[in-house]
Protein chains: 4
Amino acid sequence: MPAQATNQLRVAVVGANGYGGLQTLRLLHGHPALQVTFLAGDRSAGKPWSRIAPFLAAASDLLVERPDPDRIASRADLVVMSLPNGMAARFTPALLDRGLRVLDLSADYRFTDLDAWRAIYGPIVHNDRNDGALCREAVYGLPECCADAIATARLVGCPGCYPTASLLALMPLLQKGLIETDGIIIDAKSGTSGGGREAKVNLLLAEADEAVMPYGVTGHRHTGEIELQASRMAGQTIQLQFTPHLLPMVRGLLATVYGRLRDPGLTAEDLTTVYEAAYRSAPCVTVLPSGTYPSTKWVRQTNKAMLSVAVDSRTGQVIVLSAIDNLIKGQAGQAVQCMNLMAGLPQDMGLPLLPFYP
Amino acid sequence: MPAQATNQLRVAVVGANGYGGLQTLRLLHGHPALQVTFLAGDRSAGKPWSRIAPFLAAASDLLVERPDPDRIASRADLVVMSLPNGMAARFTPALLDRGLRVLDLSADYRFTDLDAWRAIYGPIVHNDRNDGALCREAVYGLPECCADAIATARLVGCPGCYPTASLLALMPLLQKGLIETDGIIIDAKSGTSGGGREAKVNLLLAEADEAVMPYGVTGHRHTGEIELQASRMAGQTIQLQFTPHLLPMVRGLLATVYGRLRDPGLTAEDLTTVYEAAYRSAPCVTVLPSGTYPSTKWVRQTNKAMLSVAVDSRTGQVIVLSAIDNLIKGQAGQAVQCMNLMAGLPQDMGLPLLPFYP
Amino acid sequence: MPAQATNQLRVAVVGANGYGGLQTLRLLHGHPALQVTFLAGDRSAGKPWSRIAPFLAAASDLLVERPDPDRIASRADLVVMSLPNGMAARFTPALLDRGLRVLDLSADYRFTDLDAWRAIYGPIVHNDRNDGALCREAVYGLPECCADAIATARLVGCPGCYPTASLLALMPLLQKGLIETDGIIIDAKSGTSGGGREAKVNLLLAEADEAVMPYGVTGHRHTGEIELQASRMAGQTIQLQFTPHLLPMVRGLLATVYGRLRDPGLTAEDLTTVYEAAYRSAPCVTVLPSGTYPSTKWVRQTNKAMLSVAVDSRTGQVIVLSAIDNLIKGQAGQAVQCMNLMAGLPQDMGLPLLPFYP
Amino acid sequence: MPAQATNQLRVAVVGANGYGGLQTLRLLHGHPALQVTFLAGDRSAGKPWSRIAPFLAAASDLLVERPDPDRIASRADLVVMSLPNGMAARFTPALLDRGLRVLDLSADYRFTDLDAWRAIYGPIVHNDRNDGALCREAVYGLPECCADAIATARLVGCPGCYPTASLLALMPLLQKGLIETDGIIIDAKSGTSGGGREAKVNLLLAEADEAVMPYGVTGHRHTGEIELQASRMAGQTIQLQFTPHLLPMVRGLLATVYGRLRDPGLTAEDLTTVYEAAYRSAPCVTVLPSGTYPSTKWVRQTNKAMLSVAVDSRTGQVIVLSAIDNLIKGQAGQAVQCMNLMAGLPQDMGLPLLPFYP
């Protein structure tokens, strides 16, 4: 492990055994200014990290401990919560009370309104949350739209893979009012690691390889989250179509986003210029030249989002292709990007931005 | 090889070395009434089939020959042309002149109007075609919409994978006028075998695995073919959005088709009923119950199309999921289905309709 | 479903929801002389098959029932047991008592000596078996070595994928004493479907794709089974090295088998002749010409084993490549092949022998 | 691109468009002390790198140029040759004459004896080489066995993926005389990127996915190279068996190496201790605890080799599992490791040693 500067921030990772936790540890290994000093997990408590993840043994020599708020507070400044939906909300109030700043990878703090969360997650997660005030305080952790608020936040609800790819594709169009607010379609394709490190029959290689599988058609729970943020960007209420598909690959997510141009005279070149301007100061977004479309492999294992804009002048449709790595820019890398902002560091510090192709 | 009935029809396959040819031979192996009696190919002429395809040696003990029309006419009744675009048109007139019936797997005879073909394929294929009359005569080989015409046709232009999946998804909606004719979006996902058996860097496993790659955005050459047939189904001109993507799998194609319902009160159950009625006599189409979405694995290596219809009452969108095997129902199986019709046989005779899952 | 002959044998499948059950149902769909008349399962009892397997709905319209011996005996002649190790032995005695003939896909009846089974499976399976007499009676269900005994057996213990590929590779060498009996190495590579349809983290696509994983090195439980049968073939006790590896693919198994030639003057052509003779009457085995090596794709979704023999005259080693589909020739197809023999039918009746390439 | 130190070494990459070139550029992006200052290629000369590799645009803003020795000498200190076999030998003498130090990724300088090279590559590569003196001078670029010689070499012939994984597995056994020198078997499994970025039908995803394919059985051209180096390690002539297999994955290589212990009383723990000692000062080799076997995913996109040693006391065999990334430790990373040595830097400087799992 590289020598550590004395003024590093100390990071606790709660839920170290899932993909979110693994990626966070991997990304912070060698980070110049953020150091993992506490690993917490329920099932793996008491075990050395090197036993849990022999493939990442060198990333840490810590023991996994129970997620005790006092112990975390004594040894960390920031906490990354990588737990199932509904679980982060059980620990977060105690962590904030002890002066910690919290980044949550679940959906628990992505909605300003607790009732909005409850409407979507209530039926699938047992909970008796009453932390509505924290929901209102929490900042949406998409650095490309909310960098200033993230920088000073106590609590950040980091968006996952589908909202990240979708919102980066939509933001310039919505903020500038370039498309109709109805009729937006997001057709998204994800590798199966998005389903997490839980044993599920439908995510077995034998089931998921050599197959593309639509799911959650018309009712996927990320629809509401995307609509909420898209509405903020547009300044008006938006309802849209979101259709996710599982692809036979480990990592990578592509959102193909369709909208109807208000001005059908706009060309792909025009819009590419608009996107370049919108993301000029976003080091983790690359806008490709018109006519070049991103493969998810171009962003594999990076914190980069690659966008490409096409226009069909016959139909008046704009099509935005948005590619990310679902576990980095769509999960743990996003959290590191937010932590960098919270620590006053360059937002891409320590983050991989170039793939190892192929 | 099984014993052959005396009244079998004899089939010539021209272009036996590509995936279309390989699949046709495989499907006709053991077919009760169609027998491959002639194999033609340029590069492989003179070689025994068993040397070209040791994995399918048992499918035929023929030698590959040059595609000589007289020799073909003396030994076959039907000809399946599995050649690159622009090539079938060079051979077909001579074959028809000799009384053969021809099924073409390329795009050469999918357009009633030679100029329509030329507008799309002219820039990419060297040709000096003047067989406009044959284009007008040719029947579009989609049995679910054109069975009667196929049965008596001399010349059938079989649709490929993208138009097949897309048109089966759209047909009931368009024929019954259930959706607006503008704003239709087809987001299609295909395995890489759709790119054929030519060595191309972008289709190498090293490049295409662990990646999803959009291509042909706003300008894929199948757009015009789909629009032509969709317009016929709707009885009015349709322009639509077609976006293909390459997925990291060998076979399988999913079209996710979006349309705006004219009557937003229609439910998924209503439309499932409509689809079941439309495909009641189509043995190669299965309409899934509302809420069950097809994996392409469910139709892998079969001639089955599986459809599922969803409705989002919030947005007024209908979403049709349409899954096929791109090399069977999307190519060679479709040709066999057409040949069955041409021979007066049940259209699914000899065709696999059940997958070997997983 | 095709019309059924009146003199068909009736087959019960116990454990219809796993891959062994699914494949058996698929293979018997359309079999000319064997018909599935009873489906049994614990967790799925009471559900219609079409709900459990919408992708194979057409394969059966039966309800899944509890595995009651009397009910099975009243409705079936043959029983295929597709249950976890240790489970078949609980049901089999009662089934045999009622006059049924049983084929077991687990390891329960692959060992003549119950203690040999117990030595391997005792530590990992709870059991209180005392059916040693049945173990002695049971026939090893590898048709290429034991066809006559299978034909008249009441109880057949069908070998799984690793022993099948390994033993077919070794049999001619051992029976003719062509290799030393020490120093045999079997390096085996399998798709992940061999791990069954149970949710396991290490078999998730996210974990197993883009990886090759050795496991069970020096201690895999199939070692003893392979050694037992190899010893029978050789007429003397054999100990060998067996190293399995998981590959990132759904189906397919390749065993690369190494032995030291007793006569180093033998060539690959000599041995290919020996193998062709050994398997002349084996319709499910193909011996490839010297210098042609099988891809597992050449046997995918077939009941065929493809063998190729190479010799390195420098080292005196013979290398046999043996490719099968682990779920067909390595599991359910093998059982159907045995049932054909038990029913006095051609052993390859109703079995797919040609792949759909690619 | 990070700020560059003034005392950096300048690196030219010849053959920038293949996987070797792509990886070298990627690895040197951000390397603290090595900077790519010249890109050469024949087909791509004149194009900006960002056009050739939009996915790695940020790795360089250079134009690709023709491989002119004078121009290279004026702008670089070290040259990485990533060309087909037989091509490096055409350029290398002129480069050395101009004072450059050369690392060759092809086989041209891996043999001390030009005739040994010619015996293997002569039949497949047109050449009229007469640089036997350079062959004698060249150092074998495996840092774990030849670090000192590499440090001072003018010309390094870097081993590729199969020899690297195989030799790291064998070195401690051979150097200490722990195994018999006959009967060694290397059963190797590689992702298809090892076949390079040339369009070949057998490496198409459609052909290579869902398949394991043995090739080069008894005659692969890496056999001689492995034997040459293994003989040096053992101090006596070794002939061994090498069997490569193509697996359906992009990257990763596993060699499963079998040898007969001279002292059958040695245990896996004993040998693990021996391996740990042998590689104590090798930062790019990890010896796993006995009983833990490496997945190639554990070293994916790293310059790490992971080794595990097993012993079967019944058979007296030792089995060594050796996993690397074929394009990093098996190709470009190895070259960077050598360049670090040549520059007097820590050998793992700038090299990734931890994977992004999964």
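This is a predicted model: local features need pLDDT of at least 70, side-chain atom pairs count only at pLDDT 80 or more; totals for chains, interfaces and linings use all residues.
C:Gln241 sits in strand β10 (residues 241-246) of chain C. Its relative accessible area is 1%, so C:Gln241 is buried.

## A buried valine in chain C

C:Val320 belongs to strand β14 (residues 317-324) of chain C. Its relative accessibility is 0%, so C:Val320 counts as buried. Leaving aside neighbours within four places in sequence, C:Val320 is in contact with C:Ala169, C:Leu173, C:Ala255, C:Thr256, C:Val257, C:Tyr275, C:Ser308 and C:Val309.

C:Pro69 is another matter. C:Val320 and C:Pro69 are 251 residues apart along the chain. Their C-alpha atoms are separated by 43 Å.

The size of an interface is often given as the accessible area lost when the parts come together. Chain B and chain A bury about 3,900 Å² between them. Of this area, 54% is on carbon and sulfur atoms. Three residues, B:Glu210, B:Val212 and B:Arg314, supply 17% of the area that chain B buries against chain A, more than any other three residues. In terms of contacts, 48 residues of chain B meet 48 residues of chain A.

There are 6 salt bridges between chain B and chain A. B:Glu210 forms a salt bridge with A:Arg300. The closest N and O atoms of B:Glu210 and A:Arg300 are 2.5 Å apart. Across the interface of chain B and chain A, 34 residue pairs are in polar contact, with both residues at pLDDT 80 or more. Several elements of chain B each supply at least two residues to the side that touches chain A, among them α10 (222-234), β10 (241-246) and β11 (253-260). By class, that side of chain B has 25 nonpolar, 12 polar and 11 charged residues.

## Where chains C and B meet

Chain C and chain B bury about 2,700 Å² between them, with 66% of it on carbon and sulfur atoms. C:Phe55, C:Leu354 and C:Phe356 supply 30% of the area that chain C buries against chain B, more than any other three residues. The contact involves 30 residues from chain C and 30 residues from chain B.

Across the interface of chain C and chain B there are 0 salt bridges. The count of residue pairs in polar contact is 12, both residues being at pLDDT 80 or more. Helix α1 (residues 19-28) of chain C gives the most to the side of chain C that touches chain B, with 5 residues. That side of chain C has 19 nonpolar, 4 polar and 7 charged residues.

## Aromatic pairs

The whole structure holds 24 aromatic pairs over all chains. One is D:Trp117 with D:Tyr121: the ring centres are 5.7 Å apart and the planes are at 20°, so the pair is stacked. D:Trp117 and D:Tyr121 lie in helix α5 (residues 114-121) of chain D. They are 4 residues apart, about one turn of the helix. D:Trp117 and D:Tyr121 are both buried.

Another pair is D:Tyr162 with D:Phe242, whose ring centres are 5.1 Å apart and whose planes are at 70°, so this pair is edge-to-face. D:Tyr162 is in helix α8 (residues 161-175) and D:Phe242 in strand β10 (residues 241-247) of chain D, so the pair ties together parts that are 80 residues apart in sequence. Both D:Tyr162 and D:Phe242 are buried. Ring pairs also link A:Phe55, D:Trp298 and D:Tyr357 into a cluster.

## Backbone exceptions

Most residues other than glycine have a negative phi, and most peptide bonds are trans. The peptide bond from B:Tyr357 to B:Pro358 is cis, with omega near 5°. B:Pro358 falls in the segment after α12 (328-342) of chain B. In chain D, the bond from D:Tyr357 to D:Pro358 is cis, with omega near 5°. D:Pro358 falls in the segment after α12 (328-342) of chain D.

Positive phi values occur too. Phi of B:Gln301 is near 60°. B:Gln301 lies in the loop between β12 (285-287) and β13 of chain B. Its relative accessibility is 5%, so B:Gln301 counts as buried. C:Gln301 has a positive phi of about 60°. The loop between β12 (285-287) and β13 (305-312) of chain C holds C:Gln301. At 6% relative accessibility, C:Gln301 is buried.

Technical notes. Residues are numbered from 1 along each chain as its sequence is written. Chains are lettered from A and ligands numbered from 1 in the order in which they are written. Side-chain values use heavy atoms; hydrogens and water are left out. Contact means heavy atoms within 4.5 Å. Buried area is the accessible area (1.4 Å probe) that two parts lose on being put together, summed over both. A salt bridge is a side-chain nitrogen of Lys or Arg within 4 Å of a carboxyl oxygen of Asp or Glu. A polar contact is a pair of N or O atoms within 3.5 Å; within protein, one must be able to donate a hydrogen and the other to accept it, and residues adjacent in sequence count only if both atoms are side-chain atoms. Ala, Val, Leu, Ile, Met, Phe, Trp, Tyr, Cys and Pro count as nonpolar, Asp, Glu, Lys and Arg as charged, and the others, Gly among them, as polar. Rings of Phe, Tyr and Trp (its six-membered ring) pair if their centres lie within 6.5 Å; planes under 30 degrees apart count as stacked, over 60 as edge-to-face and the rest as tilted. Buried means under 20% relative accessible area, exposed over 50%, partly exposed in between (1.4 Å probe, protein chains only).
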